[in-house]
Amino acid sequence: MKVNLKEIDGKYVATLEGEMDTAAAVEVEKVLEPLYTSDGKDVVIDCTCLEYIASSGLRILISILKGAKSAGSRVVLRNVNDDIKSVFRLTGFINIFEFE
């Protein structure tokens, strides 16, 4: 799993590539830790190359969403493929995340 985090135009942009399974979650969480307190900056999570997400990955995204909302920021999931979107539907998370 590859994770990249940058600040672009006053937003945090995270790029996820590969499989966010339980084994990868620990490293992903370390890289994305600054997003837990987004400092009022909006967060974009680019999922173009994300192939799989486990419940541990969903937990990370929910934690980011909670932290960002409490700071008055938006979290947008960008380019989520249909397979991963179906996981969000099955868990009911489709209604709490913003998708582009």
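Predicted model: local features only at pLDDT ≥ 70, side-chain atom pairs only at ≥ 80, totals over all residues.
1. Where is Ser73 found? Ser73 sits in the loop between α2 (55-70) and β4 (75-78).

2. Start with the overall layout. The protein has 3 helices and 5 strands. Along the sequence they follow the pattern β-β-α-β-α-β-α-β. The radius of gyration is 12 Å, close to the 13 Å that the globule rule gives for 100 residues, so the protein is as compact as a globular protein of that length. Along the principal axes, the C-alpha trace spans about 30 × 25 × 20 Å.

3. Next, the interior and the contacts. Of the 100 residues, 38% are buried. Take the contacts between residues at least 6 apart in sequence: 69% of these join residues at least 24 apart.

4. Then the surface and the charges. The protein exposes about 5400 Å². Carbon and sulfur atoms supply 48% of that area. There are 12 positive and 16 negative side chains. The centres of these two sets lie 4 Å apart.

5. Back to Ser73. Is this residue buried or exposed? Ser73 counts as buried because its relative accessibility is 7%, and the cut-off for buried is under 20%. A polar atom of the Ser73 side chain lies 2.9 Å from the backbone oxygen of Lys41. Lys41 is also among the residues in contact with Ser73 once neighbours within four places in sequence are left aside.

6. Leu35 lies in the loop between α1 (22-32) and β3 (43-53). Its relative accessibility is 0%, so Leu35 counts as buried. Which residues does Leu35 touch, not counting those up to four places away in sequence? They are Leu5, Tyr12, Ala14, Val43 and Ile64. Leu35 and Glu19 are 16 residues apart in sequence. In space they are 20 Å apart, C-alpha to C-alpha.

7. Last, the two ends of helix α3. Which residue caps the N-terminal end of α3 (residues 82-91)? Asn81 does: one of its side-chain oxygens lies 3.0 Å from the backbone nitrogen of Asp83. Just after α3 comes Gly92, with a positive phi of about 85°.

Notes: Residues numbered from 1 in each chain as written. Heavy atoms only, no water. Helix = DSSP H or I, 4+ residues; strand = E, 2+ residues; numbered from the N terminus. Rg over C-alpha atoms; globule rule 2.2 N^0.38 Å. Buried < 20%, exposed > 50% of the residue type's maximum accessible area, 1.4 Å probe, protein only. Contact = heavy atoms within 4.5 Å. Areas by Shrake-Rupley, 256 points an atom, 1.4 Å probe, with all protein chains shown as cover. Lys, Arg positive; Asp, Glu negative; His and termini not counted. Charge placed at Lys NZ, Arg CZ, Asp CG, Glu CD. Polar contact = N/O pair within 3.5 Å; in protein donor to acceptor, adjacent residues only side chain to side chain.
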